[in-house]
Amino acid sequence: MAENRVSKARTSSSLVYTLAVIALLTICVSESVGFSVYNKYIFSGPLKAPIFVTATHQIFCFLGALLIWAVSPPSFYTRTKITSSAVWTKIMIIPFAFVMNIGMNNLSLKYTTLALNQLIRSFSPVAIALTSYLIEGKVQSVPKAISLSLLVSGVVMGVWGSPDFTLVGFLICAASLFGQSLGIVMTAFMMGGASVKLHVFDVLLYSTLPSTFVLLPWSYAMGEFEVLEKTVAADGLSFFMGLIFAGGALAFTYNLFCTVFVKMTSSVYYGVTGGFRCSIAILVSFFVFPQKVTTIGICGIVIAMASFIANSYFTLKEQIAAKKAAAKYSIVDTEKQALLSEDAETPEVVMSKAKLLQG
């Protein structure tokens, strides 16, 4: 009987988890590709102010999290109170990393093609794996390490064969990659391995506004406010606000789903999906923007996508095995407690109960 319950719990938990991960992966990939194409479009034409636009994205993320906090019942979300300065310091690493990640990435889109940008960012699995090892102490299995190596090999082929390579764009994008790795690992750490565990909405609520305070002065120093004035004068305020609201909506939903995805899987696996997302974005970019492609680049994309599929299989296999083990131990512990309760009744207690029943 106990074995049947354990088996059913394992099957149910594994199925629900797998479907949830697949659904989130589909949403994250779709939003990532759409977001990248949208940003490249506005930064190359209608609104050449990447730092300012990034700041508005953060504001939208904060307002979205604030709204959910205000209207949601305590059973759905209760804000985690932070009283320790050490925890605040760790949380502040997330907006610092975000400024490096998104701010530098959006800035790089002014100097590189979307395809080259995404190829460089496909190095994120290795960068995140190394950062995760240094911060969380996580070690990758041999099959996953091999698939990571093959993914990086595909990326190298793509970058090496790109005729659109520029040193300035590469350096800016590389800095953004470091910020991404640090931010994702710290987010996973604060939601899972830290002494104070944050909810998904806590991350958006606490880490978005600080980065805005850095991005807005940076935008002003780069002369983007003058660009904004020219955009409003040329295209109108409604067109300008439409671009801002569309980007803000994409930013909030994308950050929300990606944060949930990191919580359900791991920071390293999220980095691996980055390689796949970048490959899809590269393919789409060739149809949307005028860019060059080589045979080596195509081969690199194919290798990267195949490696992602292999790594996904090994990661899901490990996650499902862990959840099965957790379900087994939970049921076994419950039954042990029940047996211990029965064993705790001494003969005197049993006789006492019998007398009460007879009386």
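Trainee: How many aromatic pairs are there?
Mentor: First, the ground rules. This is a predicted model, where local features need pLDDT of at least 70, side-chain atom pairs count only at pLDDT 80 or more, and totals for chains, interfaces and linings use all residues. Residues are numbered from 1 along each chain as its sequence is written, and side-chain values use heavy atoms, with hydrogens and water left out. Rings of Phe, Tyr and Trp (its six-membered ring) pair if their centres lie within 6.5 Å; planes under 30 degrees apart are stacked, over 60 edge-to-face, and the rest tilted. The count by this rule is six aromatic pairs.

Trainee: Take Phe35 and Tyr254. Why is that pair edge-to-face?
Mentor: Their planes stand at 65 degrees, with the ring centres 5.9 Å apart, so the pair is edge-to-face.

Trainee: Which helices do Phe35 and Tyr254 sit in?
Mentor: Phe35 is in helix H1 (residues 2-44) and Tyr254 in helix H10 (residues 237-264). The pair links distant parts of the chain, 219 residues apart. Helices here are DSSP runs of H or I, at least four residues, and strands are runs of E, at least two; numbering starts at the N terminus.

Trainee: Is Phe35 buried or exposed?
Mentor: Buried, because its relative accessibility is 11%. Tyr254 is buried as well, at 15%. The cut-offs: buried is under 20% relative accessible area, exposed over 50%, partly exposed in between (1.4 Å probe, protein chains only).

Trainee: And Phe60 with Phe245, what are the distance and angle there?
Mentor: The centres are 5.3 Å apart and the planes are at 85 degrees, so that pair is edge-to-face. Phe60 lies in helix H2 (residues 50-71) and Phe245 in H10, so the pair ties together parts 185 residues apart in sequence. Phe60 is partly exposed at 22%. Phe245 is partly exposed at 47%.

Trainee: Which residues do ring pairs link into a cluster?
Mentor: Phe52, Tyr220 and Phe225.

Trainee: Switching to H2. What does His57 touch?
Mentor: His57 is in helix H2. Leaving out residues up to four places away in sequence, it touches Phe35, Asn39, Gly247, Gly248 and Ala251. Contact means heavy atoms within 4.5 Å. His57 counts as buried because its relative accessibility is 4%.

Trainee: What about Thr54, buried or exposed?
Mentor: Buried, with a relative accessible area of 0%. Not counting residues up to four places away, Thr54 touches Phe98, Ile102, Gly103, Asn106 and Leu215.

Trainee: Zoom out. How many helices and strands?
Mentor: The protein has 13 helices and zero strands. Of its 359 residues, 47% are buried. Take contacts between residues at least 6 apart in sequence: 87% of them join residues at least 24 apart.

Trainee: How many residues are in the largest nonpolar core?
Mentor: There are 28. A nonpolar core is a set of buried Ala, Val, Leu, Ile, Met, Phe, Trp, Tyr and Cys residues joined through side-chain atoms within 4.5 Å. Residues with the most contacts inside this core include Leu25, Phe201 and Phe261. H1, H2, helix H8 (200-221), H10 and helix H12 (295-343) each supply at least two of its residues. H1 gives the largest share, nine residues.

Trainee: What does the second core include?
Mentor: It is separate, has twelve residues, and includes Tyr38, Ile42, Leu47 and Phe240.

Trainee: Tell me about Tyr38. Which residues is it in contact with?
Mentor: Setting aside neighbours within four places in sequence, Tyr38 is in contact with Gly242, Leu243, Ala246, Gly247 and Leu250. Tyr38 and Ala246 are 208 residues apart in sequence and 9.3 Å apart in space, C-alpha to C-alpha. Tyr38 is in helix H1. It counts as buried because its relative accessibility is 16%.

Trainee: Now the outside. Which residues form the nonpolar patch on the surface?
Mentor: Val142, Ile146, Leu150 and Ile303, with about 350 Å² of accessible area together. Areas come from the Shrake-Rupley method with a 1.4 Å probe; for residues, only the protein chains shown count as cover. Patch residues have over 30% relative accessible area and no salt bridge; like charges are joined within 9 Å, and nonpolar side chains (Val, Leu, Ile, Met, Phe, Trp, Tyr) within 5 Å. A salt bridge is a side-chain nitrogen of Lys or Arg within 4 Å of a carboxyl oxygen of Asp or Glu.

Trainee: Which helix gives the most to the patch?
Mentor: Helix H6 (residues 142-160), with three residues. Val142 is in H6, and it counts as exposed because its relative accessibility is 60%.
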